[in-house]
Amino acid sequence: MRLEIQGLTKRFGDFTANDHIDLTIEPGEIHCLLGENGAGKSTLMNMLYGLISPTEGDVLVDGRPLRLDGPADAIAAGIGMVHQHFMLVPVFTVAENVMLGRESVRGLGVLDRRAAAARVRELSDRYGLAVDPDALVGDLPVGVQQRVEIIKALANDAEVLILDEPTAVLTPQEIEELMEIMRGLRAQGTSIIFITHKLREVKAVGDRISVIRRGKVVGTAAPSTPETELAEMMVGRAVQLVVDKDPAKPGEAVLEARDIVVHDPRGHQVVKGVGFEVRAGEILGIAGVQGNGQTELIKSLLGLVSPDAGAILLEGRDITRAGPRASLEAGIGYIPEDRGHDGYVGSFSVAENLVLDLVRDDRFSHGPALKIGAIEQNARHRIEQFDIRTQGPQSPVSALSGGNQQKVVVARELSRSLKVLIASQPTRGVDVGSIEFIHQRIVAERDEGAAVLLVSTELDEIFALADRIAVMYDGRIVAIVTPDISREKIGLLMAGVYDEKESVA
C-alpha cells in the first residue's frame with residue numbers, strides 16, 4: 001500500500017501546527033519522522049489516523065483520496081497506530097484487549113475468546129512478537145505491552161503502522177527488540193511510520209528520514225546522514241551534540257539519603273529503602289525506566305512529600321521534615337520533571353516567574369511590597385544570560401516555546417548560590433539547541449562546587465553528564481556504577497537483572 005500526504009495543514013486559531021506537509025510512504029519501508037517535541041509530528045499523525053480533521057490537504061491510498069472522519073476510517077483503509085501512551089485495559093487478557101471493538105461471538109452471544117487467542121498466537125508467531133494471549137496485560141512488562149498494541153493494529157489488517165515515540169518507556173534491550181520487530185514487519189511488507197526525536201534510533205532502523213521543524217518538512221535524508229547534520233536540520237543551526245566537560249573533582253558528601261521509604265496515595269510502597277550520597281563537585285545520575293519510584297524519591301528529597309521512613313541530610317543536618325520552602329532556602333535548587341505543573345505559572349510574566357521562589361529575598365521585596373524595578377532588572381539580566389527567546393520581561397510564560405519555558409525555570413534555579421541542584425528530566429520536551437545550553441549550565445554548576453543530582457530516562461543524557469550512575473528499578477537503587485558501563489549492562493540493570501553483590505562506584 002502506497003500512502004501519500006499532500007499539502008496537509010492544521011490550524012488551531014492563529015497557530016499553524018502543520019503547514020502544507022507533503023510525504024510519501026512507500027510499501028514495505030520504515031519512514032522515520034524526526035523532529036523535536038512541538039514540531040508537529042503527533043498532530044500530523046493524528047490527522048492521518050482520523051483523530052483530528054485537517055484544515056487543508058489530502059491523504060491518498062494507492063492514488064485514491066481517503067476520507068477520514070474518524071479512526072474507524074483509517075483502520076478500514078489499513079492504517080494502524082500505536083500511541084505513545086498505551087490504550088490497553090490492564091485487567092483484561094491480551095486476547096481480550098485485542099478483540100475489543102471487533103468482538104466475535106459464538107452460540108448464544110458468548111464472546112469467542114478461543115478465536116481471539118488463536119488470532120493472537122497466529123500474529124505473534126508470524127511476526128515474532130512472543131506474546132501469551134492469556135496473560136493479564138497489567139502483569140506484563142512495558143515492552144511486552146507495546147507488542148500487544150502492535151498485535152491489536154495487525155489484527156485489524158494494518159498495512160501502514162504508525163509508531164508514536166515508541167521507545168520513550170523502554171530499556172535499551174527492549175528498544176533493540178522493538179527494532180528487530182520493525183525490521184520483521186518491513187520484511188513482510190508492512191510500512192512503518194516511526195515518530196521520534198532520537199537521532200541514534202532513526203539511523204539504526206530507518207530507510208528514509210523526513211525532518212519536521214515548526215510544522216514544516218524541512219528535508220528528507222538517508223540513514224547514513226551524520227547526526228550533526230540531522231540535528232542542524234531539526235534546530236536550524238549547528239549544534240554541539242557532545243557535552244564538553246572536564247573530569248569531576250568531588251569533595252565531601254553534601255546531600256545524603258538514608259533508607260528512604262515512600263508510599264503512594266493508594267498505600268503501595270514505591271520507594272523501598274533507597275540510600276545514596278551526592279558529593280560536592282559531582283553529578284550523580286539516576287537512570288531507570290519512568291515509573292520505578294524516581295518521581296516519589298525526588299519529591300521526598302524536596303519535602304513535597306514526607307517519607308514514611310529514613311532520613312535526608314544536607315551537609316549533615318537532618319532536613320527530612322523541613323518542607324519545600326526550608327529546603328530551597330537551605331540551598332537546594334530544583335528543576336522539576338513537569339515544568340507546566342511544578343515549574344512555572346503560565347499566566348505570570350517571565351519576570352514574575354524568575355522570582356517565584358525568591359520573593360522573600362530582600363533584593364525583590366520589602367515586607368509585603370514587591371520591588372517591581374528590581375524584578376524587571378533581574379529579568380532582563382537573566383533573559384540575556386540564559387538566552388531566553390521572549391518579546392520581553394512582561395510576556396506571559398505560556399506564550400514561550402517549551403525550550404524557553406524550561407530556560408526560565410533553569411535561570412530561576414541557577415540565579416542563586418546552590419549547595420545542591422536536583423534536575424529531574426531537565427531537557428524533556430525541549431529542542432536540541434536548548435538541550436545543549438541546559439547541559440552546559442548543569443556542568444557549570446558542578447564545576448562551581450555544587451552537588452548535582454540528575455534524574456533522567458534518557459540514557460544519552462545520563463552518559464553525557466553523570467560522573468556516577470545510580471540505576472533505579474522497582475523502587476530500589478540496584479547498583480551505582482561508573483559511566484564507562486556498557487549500554488547492554490545498564491539496560492539489564494534497568495530491567496531488574498542484577499547481582500545483589502554488584503560493586504558500587
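Since the model is predicted, local features are described only where pLDDT is at least 70 and side-chain atom pairs only at pLDDT 80 or more, while totals for chains, interfaces and linings use all residues. Residues are numbered from 1 along each chain as its sequence is written, and side-chain values use heavy atoms, with hydrogens and water left out.

The sheet comes up first. Helices (H or I, at least four residues) and strands (E, at least two) are DSSP runs, numbered from the N terminus. Two strands count as paired if DSSP finds at least two bridges between them. On that basis, six strands make up an open sheet with mixed pairing, and their order is β6-β9-β10-β3-β11-β12. At the edges sit β6 (79–82) and β12 (216–221), each of which pairs on one side only. From one strand to the next, the twist averages 20°; angles here run from 0 to 180 degrees between N-to-C directions, and axes are lines fitted to C-alpha atoms, for helices over the stretch in contact.

What holds such strands together? Strands of a sheet pair through backbone hydrogen bonds, either parallel or antiparallel. Both kinds turn up here. Strand β3 (residues 30–34) and strand β10 (residues 191–196) are parallel, with five bridges between them, and L34 has T196 of β10 as its bridge partner. Strands β11 and β12, on the other hand, run antiparallel and are also joined by five bridges; here S210 is partnered with T220 in β12. The hairpin of β11 and β12 has two residues between the strands, and R214 takes a positive phi there, near 50°. Helix α8 (residues 227–235) lies across β3, β11 (208–213) and β12, and runs at about 35° to β11.

Buried means under 20% relative accessible area, exposed means over 50%, and partly exposed is in between (1.4 Å probe, protein chains only). The expected span of a helix is 1.5 Å times one less than its number of residues. Helix α14 (residues 402–413) has 12 residues and reaches 17 Å from its first C-alpha to its last, close to the expected 16 Å. Of those 12 residues, 11 are buried, so α14 is largely enclosed by the rest of the structure. The buried ones include G403, N404 and Q405, as well as V408, V409 and V410. And what does the covering of α14? Among the elements that cover its buried residues are α10 (324–329), β18 (332–335), α13 (372–385) and α15 (432–447), where contact means heavy atoms within 4.5 Å.

Helix α5 (residues 142–155) tells a similar kind of story. Its 14 residues should span 20 Å, and its end C-alpha atoms are 20 Å apart, which agrees. In α5, 13 of the 14 residues are buried, so this helix is largely enclosed by the rest of the structure. After α5 comes D157, with a positive phi near 65°.

One loop residue also deserves a look. H83 is found in the loop between β6 and α3 (94–99). Is H83 buried or exposed? With a relative accessible area of 15%, H83 is buried. Leaving aside residues up to four places away in sequence, H83 touches Y49, L51 and D164.

Finally, the salt bridges. A salt bridge is a side-chain nitrogen of Lys or Arg within 4 Å of a carboxyl oxygen of Asp or Glu, and by this rule there are 40 of them. In one, the side chains of D69 and R67 meet at 2.7 Å, N to O. D69 is exposed at 54% relative accessibility, and R67 is exposed at 63%.

D157 shows up again, in a salt bridge with R119 (3.3 Å, N to O). This pair links distant parts of the chain, 38 residues apart: D157 is in the loop between α5 and β9 (160–164), and R119 is in helix α4 (residues 113–127). D157 counts as exposed, at 53% relative accessibility, whereas R119 is partly exposed at 24%.

K245 and D467 form another salt bridge, their closest N and O atoms being 3.4 Å apart. These two are 222 residues apart, with K245 in the loop between α8 and β13 (253–263) and D467 in the loop between α16 (459–465) and β23 (468–473). K245 is partly exposed at 25% relative accessible area, and D467 is buried at 16%. Salt bridges that share partners also join R119, E122, R126 and D157 into one network.
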